[in-house]
Amino acid sequence: LRNRKPWLMIECKLSRESISTDLLHFSRLLQPSLTLQVIGTSGAHERFDIAKNQKGYLISADTFLKCF
């Protein structure tokens, strides 16, 4: 939380089947600054729509972990 508001929402999955409906639902509800779906498939990096002015990112775990 930052200023009592969530700023990051992450869901982890093994594969790229589809964007999680639960992730979309809670992102619309809580409106974090950044929404990520991290997957085990290497090389993935895509942007997806959550709401009109809200985007999320599908990213591979190896790319995500390089940030740390």
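Reader: What pattern does the protein follow, read along the sequence?
Author: This is a predicted model. Along the sequence the pattern is β-α-β-β-β-α, which comprises 2 helices and 4 strands.

Reader: And how compact is the protein, for 68 residues?
Author: Its radius of gyration is 12 Å, close to the 11 Å that the globule rule gives for 68 residues, so the protein is as compact as a globular protein of that length. The C-alpha trace spans about 35 × 25 × 15 Å along its principal axes.

Reader: How much of the protein is buried?
Author: Buried residues account for 29% of the 68 residues. The protein exposes about 5000 Å², and 53% of that is supplied by carbon and sulfur atoms.

Reader: Let us take one residue. Is Ser27 buried or exposed?
Author: Ser27 counts as buried because its relative accessibility is 0%, and buried means under 20%. Ser27 belongs to helix 1, residues 21–30.

Reader: Which residues is Ser27 in contact with, leaving aside its neighbours within four places in sequence?
Author: Ser27 then touches Met9, Pro32, Thr35, Ile50 and Gln54.

Reader: Which side chains meet at 2.5 Å, N to O?
Author: Those of Glu46 and Arg16 do, in a salt bridge. Glu46 lies in strand 3 and Arg16 in the loop between strand 1 and helix 1, so the pair ties together parts that are 30 residues apart in sequence. Glu46 is partly exposed at 37% relative accessibility, and Arg16 is partly exposed at 38%.

Reader: Which side chains meet at 2.3 Å, N to O?
Author: Asp49 and Lys55 form that salt bridge. Asp49 counts as exposed, at 53% relative accessibility, whereas Lys55 is partly exposed at 33%.

Reader: Finally, which residues form a nonpolar patch on the surface?
Author: Trp7, Leu8 and Ile10 form it, with about 230 Å² of accessible area together. Ile10 is found in strand 1, residues 8–13, and is partly exposed, with a relative accessible area of 35%.

Terms used: Residues are numbered from 1 along each chain as its sequence is written. This is a predicted model: local features need pLDDT of at least 70, side-chain atom pairs count only at pLDDT 80 or more; totals for chains, interfaces and linings use all residues. Side-chain values use heavy atoms; hydrogens and water are left out. Patches are made of residues with over 30% relative accessible area and no salt bridge: like charges are joined within 9 Å, nonpolar side chains (Val, Leu, Ile, Met, Phe, Trp, Tyr) within 5 Å. Accessible areas come from the Shrake-Rupley method with a 1.4 Å probe; for residues, only the protein chains shown count as cover. A salt bridge is a side-chain nitrogen of Lys or Arg within 4 Å of a carboxyl oxygen of Asp or Glu. Buried means under 20% relative accessible area, exposed over 50%, partly exposed in between (1.4 Å probe, protein chains only). Contact means heavy atoms within 4.5 Å. The radius of gyration is taken over C-alpha atoms; the globule rule is 2.2 Å times the number of residues to the power 0.38.
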